[in-house]
Amino acid sequence: MVRCKTIIAHLSEYVDGEASPELCHTIEQHLRGCHRCSAVYDSTRKMLVITGDERVFEVPSGYSARLHRFLDKAILEGSAS
Amino acid sequence: MNDQALMEKSREPFLIQRIRAGERSHFHELIRPYERRAFLIAYSVLRNQDDAEDAVQQAMLKIFLHLEQLAETDKFAQWAMRVVENEAKMYKRKRHQHLYQSVDEEQEKEGQTKHFHPKQFADWRDLPNEILEQQEVRAAIIEALASLPEIYREIFVLRDMEHLNIAEAAEILGISVPMVKTRLHRARLMMREALSPIFAKPKVSIWERWKGVNPWFAAKR
Ligand SMILES: [Zn+2]
């Protein structure tokens with residue numbers, strides 16, 4: 001039986017689809033029988049859905065326009081002096 | 001990297017050259033691909049939108065003023081994001097001094113991130129998707145992100161929020177691919193752990209909020 005520690009150590013690889021077929025098989029088999037690891041796996045995936053969703057992290061409206069206006073002003077003033 | 005991003009990237013040394021030659025208006029084009037990332041980095045440090053905007057503005061100005069000093073023009077992204085990160089931290093220090101706050105908060109956070117083995121095993125399977133759009137969730141993620149040491153926060157932002165691939169992230173951070181993978185793995189475990197109480201513990205409150213957004217539930221009442 002593979003230890004939980006080993007499964008957790010390869011979890012990112014597995015989530016990213018970079019684990020070898022053998023490793024995938026080992027991990028999937030373990031996840032079916034281990035509630036703890038399976039909970040970590042599920043929540044990690046869920047978290048990545050949330051953090052990776054652009055809607056969760058919209059920049060404030062007008063942010064880009066304000067930034068470029070600021071730079072225009074600052075850079076032009078700089079060139080004047 | 002997709003074609004568009006690749007084209008933008010390969011254009012950077014050219015843009016930098018033009019800006020150095022006095023065509024300042026190209027600076028807008030140069031920084032445009034990095035605006036969101038810069039904001040995320042600053043916001044994860046400062047946790048306040050106005051402060052983050054200020055910090056990004058100051059950082060971008062510094063980037064412009066010091067563009068001359070950038071030796072490797074193909075490393076612009078890595079250098080620029082480092083400037084943003086430093087500016088945000090400086091801003092935070094200034095703000096802390098101003099508010100007479102102690103550094104205890106900071107130390108406490110550092111301590112929390114020492115362990116990265118999962119301790120919270122609660123299940124999030126019943127987390128409704130509507131939660132995604134909650135302000136509270138956004139705040140929780142920022143909080144969790146800010147609790148991560150810099151090396152983990154930056155990889156998490158680049159990879160799991162900005163969706164860069166491993167190779168791109170390695171390039172920006174100036175570290176090896178295996179190092180990116182190791183840090184990313186730890187960053188994810190730390191983030192998950194930091195977010196666990198928010199999602200797992202207050203089941204009732206999530207249920208309450210769910211009632212508010214689920215028409216089926218509302219109809220049954
Ligand atoms: Zn296990």
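This short talk walks through chain B of the structure above, from its helices to its aromatic rings.

Hi everyone, a word on ground rules before we start. This is a predicted model, where local features need pLDDT of at least 70, side-chain atom pairs count only at pLDDT 80 or more, and totals for chains, interfaces and linings use all residues. Residues are numbered from 1 along each chain as its sequence is written, chains are lettered from A and ligands numbered from 1 in the order in which they are written, and side-chain values use heavy atoms, with hydrogens and water left out.

Let's begin with the overall picture. Chain B has twelve helices and zero strands; here helices are DSSP runs of H or I with at least four residues, strands are runs of E with at least two, and both are numbered from the N terminus. Of its 221 residues, 49% count as buried. Buried means under 20% relative accessible area, exposed means over 50%, and partly exposed is in between, using a 1.4 Å probe and protein chains only.

Now for the rings. How many aromatic pairs are there over all chains? The count comes to six. Rings of Phe, Tyr and Trp (its six-membered ring) pair if their centres lie within 6.5 Å; planes under 30 degrees apart are stacked, over 60 edge-to-face, and the rest tilted.

One of the pairs is B:Phe27 with B:Phe64, which is edge-to-face, with 5.2 Å between centres and 70 degrees between planes. B:Phe27 sits in helix α2 and B:Phe64 in helix α4 of chain B, so this pair ties together parts that are 37 residues apart in sequence. Both B:Phe27 and B:Phe64 are buried.

Another pair, B:Phe76 and B:Trp79, is tilted, at 6.2 Å centre to centre and 55 degrees between the planes. These two share helix α5 of chain B and are three residues apart, about one turn of the helix. Is B:Phe76 buried or exposed? At 1% relative accessibility, B:Phe76 counts as buried, while B:Trp79, at 22%, counts as partly exposed.

Last stop: B:Arg183, in helix α10 of chain B. B:Arg183 is buried yet has no salt bridge, and the nearest side chain of opposite charge, B:Glu154, is 4.5 Å away. For charge, Lys and Arg count as positive and Asp and Glu as negative, with His and the chain ends not counted. A salt bridge needs a side-chain nitrogen of Lys or Arg within 4 Å of a carboxyl oxygen of Asp or Glu.
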